[in-house]
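Let's take a friendly look inside a protein model, one piece at a time. Have the sequence and the 3D view ready as you read.

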Amino acid sequence: MPERPLLIFPTPVSVDRAKLGGGGGKPHVPTAARQWERLSPKFEQLRNTFIQVQPNVDGIEPESVLVIETIGAIEKFVNAVKKIEGFEWLGEVDEEELAPDDDFFDESQRDKLLSGRLYWVWSNQQALKQMLSLWEHYKDNSQLAFERGLTKFRDVFLQLRDIRRWDTRDRLEETGVLDAWREDLQDEQLANTFIHCEIELWFRDDQQKRTHAQWNVASRIEQIGGQIVSQTTIPEISYHALLATLPRNEIQNVLNDNREAAFLNCDSVRFFRPCGQMVFGKEPAAGEIEDVGVNVNLPLPIGQPTIALFDGQPLENHSLLSGRLIVDDPDNYGSDYAANARKHGTAIASLIIQGDLNDGQSPLARPLYVRPIMRPQQTVNGGWAEHVPENVLFTDLLHRSVRRLFELEDGQTPVASSVRIINLSIGDPARQFVNAMSPAAKLLDWLSEKYNVLFIVSAGNHPVAIRINQTAQTFNSMSPDEREAEVVKALYANRRNCRLLAPAETINGLTAGALHSDSSTLTNTPNRVDLLAHTFLPSPISAFGCGYRRSIKPDLIFSGGRQLYQEPISRNAPVKLLPSYVIIAPGNKTAVPGSSGQANSTSFSRGTSNAAALISRSAGICYDSLLQLLADQPREVGLGNSDVPLLKAMLVHSCSWGEAKYRMGQIFSDTDTDIKKIADRWLGYGTPDIQRVLECARQRATVLGFGQLTDGQAHLFSLPLPPSLGAQRIRRRLTVTLAWFSRIVPYTQKYRESSLWFEVLNNRLASDRAENDWQTVKRGTVQHEIFEGERAEPISDGDVIQIKVNCRNDAKRITNPVQYGLVVSLEVARGQGTDIAIYDEIRDRIMTPIQERAIT
């Protein structure tokens, strides 16, 4: 037990929730006459399309998906859609950074980018006819009252930017499938074979309609000689998909711009997506692997696992892993997994269990559960790469893997119901996050709330070329700080091409970006250069946020190893910097299989996978610390299902931008860029100092709170103020972190069922917000804020700072009370000639009400 353990708040007072402000101005929109002029041809085209399509052979009336695009949002449009028979609501998503034009613009700033929303609606001919009738009424009199329940259509017509059918371009472009197909056709190993493809269907609420859609698509695939391998339906995330094999000649036709094939033009298809794209593999060269060189004769773990790893098959008999893994392989992926191919799973398991070997930490006290979800594939040069199998749907594989942990399966008990943390250090390079949530991210969000488990996900790596508008001669002559500034600006300018990789946009999980930091000693090798002069900045390959609805993502950044680049050679051409793939130091040092499968080798690696693994390790340590804290209490503390939300809050609570905030301010000082926006998207909440949430200090008190709330409710926590701070001019910091898991409503743009947020009341001691934007922090499921101050304030014994945790409905009415965790710290700066023991004062004033309640 630490000398100064964390404290626990007394039971909070139940009060009514506060009102949450919001809203904003609306852009300039065209007149009704102008809208009629612009859009009538599009409505007429829709009418003609439906007239030309004949009923199916089984008599089912033809249907199509309408894409309705507005500038600005029409809230609760779903209710109006449901009023028209023949319409079926499919979903909605926000659009960002839309270019203004003469019809739509911000009146205060004509060139300001706009936001909008896309709505997807199934329509038959009768429903379209009714909407066209409403359109005619709007043209005649834009102020005419619509039938009760249909008024939202008038708002849509006013803000309508475009309306059209969902077509082949939508199904193919920007999904990565065309690029993947080009690579597949060039791969000699795939000659004379079929190509796997995920076909995501529009999710229909009606089982009969889903069955018909699946039959319709399968028939078209079989007509071209393809086959449906499997299908999965997960209603809780509105997901219905088929795994198909397609003939190479049909793929070639598509790539030759022949888009008339029936299977491409099926209205039931939402997207075609590539399979098996999450590939990892770099063959070590001579000298890039070394022996363990650490003491491996340490006690073996005991107890049940709290961390699960979904990754490649690890080398179970590696000297750093032996006796520390519980490998569960129901799909038998390990049967053809060569020992020297087990690279990624071995490295990530090593980081979770042992930490970065550069740091010489103790291994975890519990075993690590491992579920292999990748398989090996031999490369052209005879090496090995690891990838998610192309003959499974990734979302289905994840679903089965998680469900097996917690539910009965084939009469067998759950395999690891003690798990509270799941590490997912893989991402889909074919699916960067742009506005719409991926099925895998929706799955993680649903399962985290369902099973009360925290997913820790890597943000994704982008080892792409960095282009600098300087010659190599000029760039090489710059100081380290000057080079760093050029690189950071270039990275930020290219952020749209380096977004989060699915499923890193999960709102309930924690997403880890990589810090350009490790404890290794730089190996002096020629032609490699460290582009960043400071290790408190994000790695150059770490993905940019933000998350869904412009929420904070990544949530935090953690050590991911220093990524070096090849030294630019061409002296007079603009600089093009390419990552160095040599796997020697620097980097995080991990266990790896030897070139012939030896079980005592180590090497170095870098990236967000490492950062996620190290955060997962910290999560396991925090969770055990939390359990021990509760066991040491003088009274029983019933956390219930608040334990994992509280763990989530603990992991974020010690985050801060630190020196990165000031360095970015220097780099962008000659621009009008908002530093907070840059930091929100690249640093998240910052870098955690996990030790700060494992124990308190003489001048820092950290207090834990928890509870459950539903719509309209709030809890009021009181943090006693130390009287010795009264009238003292000294720097103070108040840090407050709130975390919860929200149920999801996958077909709405709001997505979260519940919205929680805190307010700090009576905060005279530290009233200045220090880091993240105060509105952005409320958009996800973690709110983390830092307040600072140093003004002298009078304090009397009994004075408190109040933290009010509020709850309200968001996307829909809350169905079950929402469990949450709260962490609050108050600290004073050290080294200012004071020695105020605020921990003792706060502890004594918090413990008294707890003891009094226990007596009564």
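## An enclosed helix

Why is helix α15 (residues 643–653) largely enclosed by the rest of the structure? Eleven of its eleven residues are buried, so the rest of the structure largely encloses α15. Buried means under 20% relative accessible area, with a 1.4 Å probe and protein chains only. Among the buried residues of α15 are D643, K648, M650 and H653. Helices here are DSSP runs of H or I with at least four residues, numbered from the N terminus.

## How the model is read

This is a predicted model, where local features need pLDDT of at least 70, side-chain atom pairs count only at pLDDT 80 or more, and totals for chains, interfaces and linings use all residues. Residues are numbered from 1 along each chain as its sequence is written, and side-chain values use heavy atoms, leaving out hydrogens and water.

Next, find helix α9 (residues 344–354) and helix α14 (residues 608–631): their axes come within 7 Å and cross at roughly 35 degrees. Axes are lines fitted to C-alpha atoms over the stretch in contact, and angles run from 0 to 180 degrees between N-to-C directions.

On the α9 side, H344, I348, L351, I352, I353 and Q354 meet S609, N610, A613, L614, S616 and R617 of α14, where contact means heavy atoms within 4.5 Å. By class, this contact has six nonpolar, five polar and one charged residues. Nonpolar covers Ala, Val, Leu, Ile, Met, Phe, Trp, Tyr, Cys and Pro; charged covers Asp, Glu, Lys and Arg; the others, Gly among them, are polar.

Terms used:
Helices (H or I, at least four residues) and strands (E, at least two) are DSSP runs, numbered from the N terminus. Buried means under 20% relative accessible area, exposed over 50%, partly exposed in between (1.4 Å probe, protein chains only).
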